[in-house]
Amino acid sequence: MIQVNNLTFSYSKKPFIEGLSFEVKAGEIFGFLGPSGAGKSTVQKILLGMLPNYEGSAVVGSVECKKHGSNFYQNIGVDFEYSTMYEKLSARENLEFFSSLYRLRHRSIDELLMAVGLENDADKRVADFSKGMKSRLNFIKALVHDPKLLFLDEPTSGLDPTNSRLMKDMILEEKRRGKTILLTTHNMQDATELCDRVAFIVGGKLFALDSPHNLIMSKGAAKVTYTWIENGEQSASCDLTEMAGDKKLRNLIAENRLQSIHSSEPTLNDIFMEITGKTLV
Amino acid sequence: MLTIDKRFINLLRWDLRFQARYGFYLLYVLLTVFYTLVLFAIPGSWKEKTAAMLIFSDPAAMGLFFMGAIVLLEKSQKVTSYFAITPMKAREYVWSKVLSLSAISLVVATILATVAGYTAIFPLLVGTFLASAIFTLCGIIVATKISSLNQFILATVPIEIIGFVPAILHIFGVTGSIADRLYPANVCMDMIMGDRPFAAGLLLTVALIALLLQVACRSVLKMWQEQGGVKL
Ligand SMILES: Nc1ncnc2c1ncn2[C@@H]1O[C@H](COP(=O)(O)OP(=O)(O)OP(=O)(O)O)[C@@H](O)[C@H]1O
Ligand SMILES: [Mg+2]
C-alpha cells in the first residue's frame, strides 16, 4: 500500500529526515512511535503529498506522493492532531459538508455519530464541543467517505480512558473492515495493542521496525524481582529462565524469608529506551 | 477549463449556506435598505451617479473584505489544511467563492438600479460581475498571504485605492483620456453606468481576471499546504 525508499526531507538547510525506508502492507495497522519533534507528523504529511520537496521515493497506492492529482485523496482519510472543523456549524453540518467533497460511498453520518457517542450532540455547534468531543468528531470526519487508507495523528491523545478505549475499538473495527491504517502515537500501550508493526523514529531516523511482540521478545527477557529483609529491605532480580540457578533466591524460598516476588516482561517503552537511548515523553 | 461536477455544485451550495449562517445576507439586506433610502433622499440629477457608485463600491467591499473574513476564519479553524487532503481543487474553491459572492452583488445591483430608474440592466449586471470577480480574486490572493485581520486591512487599503478612486473620478469625468477607458475598474464602471465599454478595455479586463484567477489558484493551493494556522 505504501512504499518509502530512501526518503530525505528537511524544512531547513539542516538535514532532518534522511534515508528513511519502510513499507506498509495493505490491511495492517502501522504505527510511528517517537518523542515529540521526531518527525512523525512530517512523514505523514509527505505521504499525504503536502510536502512535495522531498528526495527519494514515497509511493502511496501506486502514486508517487509529490506527483499526485486531486483524485489521490478520494481514498484517503486523515485525522490531524488538531481539530479541523467549521466552529459555527453543527457536527452534522461539518460531516455533511466534508463528505460532499468526495465522489462515492458515503457512510451513514448518524451511524458514525452514534459509534463515537455523539448522537445527542449532532446538532450542536462544534464551538460548544469539549476537546474530547472534538477529537472524536475529527476522527469520524476521516471516515465519512469510507477511504481505504487512514492516517491518524495521535488519535487517542487527550482522551479520557473510556473514550480512548472507544477510539481504539473503532480503529480495530476499521482494520476489520479492510482498511490500511497508519498512526502516530507517544503511547506505547496503545501501540502494543493496536499496531501490527511499529517503527521507532527519533530525530528523523528509523531505529527499529517490527511487530511489538517481536520487539519485546527480541530484546530483554522477562525478569523476576524479589525482596527480603536483611538489615533493612534488600532486593535482587534475575532472568525468569535462570531462576533455578539463583542461589540467593533458592535460599530465601527454602527459609521462607521472601517479602515479595514478581516477574515482569519488558514493555515496548523499555525496548524503545534500549534501542534509541531516548524516552518517549 | 472548469469541469463542472457534482462536487463543485455541492461546494457552491455550501458556500451560500455558510454565507447565510455567518450573517452576510442579513448584513446585505440592511445595507440595501439603507442604500435605497439614500437613493430616495437625493435629488434626481444625482441619482444615477450615486447609484453607480454604490453598486460599484459594493462588490469592491464585498469581494475584498468578505473574502478576507472567510479565509481568515478558515485558517483560524484549520479547515484550510484539511482542504489540502480532500479531492477539492483550488480552482473549484476559487470559482465557488467568486460565484457565491458575486451572486449577492448582482442582487443588490439589480435592486439599486431599479430604484434609481436604470434601463440598461444587462450591461450593468455584466459590469458588476466583472468588478466582483476582480475584487474577490484580489481578496483571495491577499488573504492567503496574511495571518491577522489587521494585516489584512492594511494590505487591502492600496487595492481599494487603486480599484476605487480612478473609477469614481471616471464617472465624474475628471479624467477623460483613452487610457482611462482601458482601465479595468473604469470599464466595469462604464458598464454599470450603462455605457458601451471599449472593446480593448473589456478584453484587458477579462485578461486581468484570467491572470488573477491563475494567481489566486496558486496562492490557495500554497495556503492549503502550509500548516500554519492564524489567531483571530
Ligand atoms: N511547517 C514547518 N516548518 C518548519 N519546521 C517544522 C514545520 N513543521 C514541523 N517542523 C519541525 O520539524 C520537526 C518535526 O516535527 P513533527 O511535527 O514531524 O514532529 P512529531 O514527531 O509529529 O512531534 P509531535 O509528537 O510533537 O507531534 C520539529 O522540530 C518541528 O519544529
Ligand atoms: Mg505530530
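**Sheets, helices and interface**

Chain A contains an open sheet of four strands in the order β2-β1-β4-β5, with antiparallel pairing. Strands pair if DSSP finds at least two bridges between them; the elements themselves are DSSP runs numbered from the N terminus, helices being H or I of at least four residues and strands E of at least two. Because β2 (17-24) and β5 (63-64) of chain A each have a single partner strand, they stand at the edges of this sheet, and one side of each is left without a neighbour in it. Strand β1 (residues 2-9) of chain A runs antiparallel to β2(A) and is joined to it by five bridges. Within this pairing, Val24(A) in β2(A) is the bridge partner of Ile2(A). Helix α1 (residues 40-47) of chain A lies across β1, β2 and β4 (55-60) of chain A, at about 65° to β2(A). Such angles run from 0 to 180 degrees between N-to-C directions, and the axes are lines fitted to C-alpha atoms, for helices over the stretch in contact.

This is a predicted model, in which local features need pLDDT of at least 70 and side-chain atom pairs count only at pLDDT 80 or more, while totals for chains, interfaces and linings use all residues. Residues are numbered from 1 along each chain as its sequence is written, chains are lettered from A and ligands numbered from 1 in the order in which they are written, and side-chain values use heavy atoms, with hydrogens and water left out.

A second open sheet in chain A has six strands, ordered β6-β7-β8-β3-β9-β10, and its pairing is mixed. Here β6 (76-79) and β10 (205-210) of chain A are the edge strands; each has a single partner strand, so one side of each lacks a neighbour in the sheet. From one strand to the next, the twist averages 15°. Strands β3 (residues 29-33) and β8 (residues 180-185) of chain A run parallel and are joined by five bridges, and Leu33(A) stands opposite Thr185(A) in β8(A). Two helices lie across strands of this sheet. Helix α5 (residues 161-176) of chain A lies across β3, β7 (149-153) and β8 of chain A, at about 155° to β8(A). Helix α9 (residues 268-276) of chain A lies across β3, β9 (197-202) and β10 of chain A, at about 45° to β9(A).

In chain B, attention turns to helix packing. Helix α1 (residues 6-21) and helix α5 (residues 90-115) of chain B pack at about 45°, with their axes 9 Å apart. This angle makes α1(B) oblique to α5(B), a class left after roughly parallel (under 35 degrees), roughly antiparallel (over 145) and roughly perpendicular (65 to 115).

Helix α7 (residues 149-171) and helix α9 (residues 184-192) of chain B cross at roughly 45°, their axes coming within 8 Å. These helices are therefore also oblique to each other. Residues of α7(B) including Pro166(B) and Ile171(B) meet residues of α9(B), among them Met189(B).

How many residues does each chain bring to the contact between chain B and chain A? Chain B gives 25 residues and chain A gives 27. The area buried between them is about 2700 Å², of which carbon and sulfur atoms give 61%; buried area is the accessible area (1.4 Å probe) that two parts lose on being put together, summed over both. In chain B, Tyr82(B), Ile85(B) and Pro87(B) lose the most area to chain A, together 26% of what that side buries.

Technical notes
Contact = heavy atoms within 4.5 Å.
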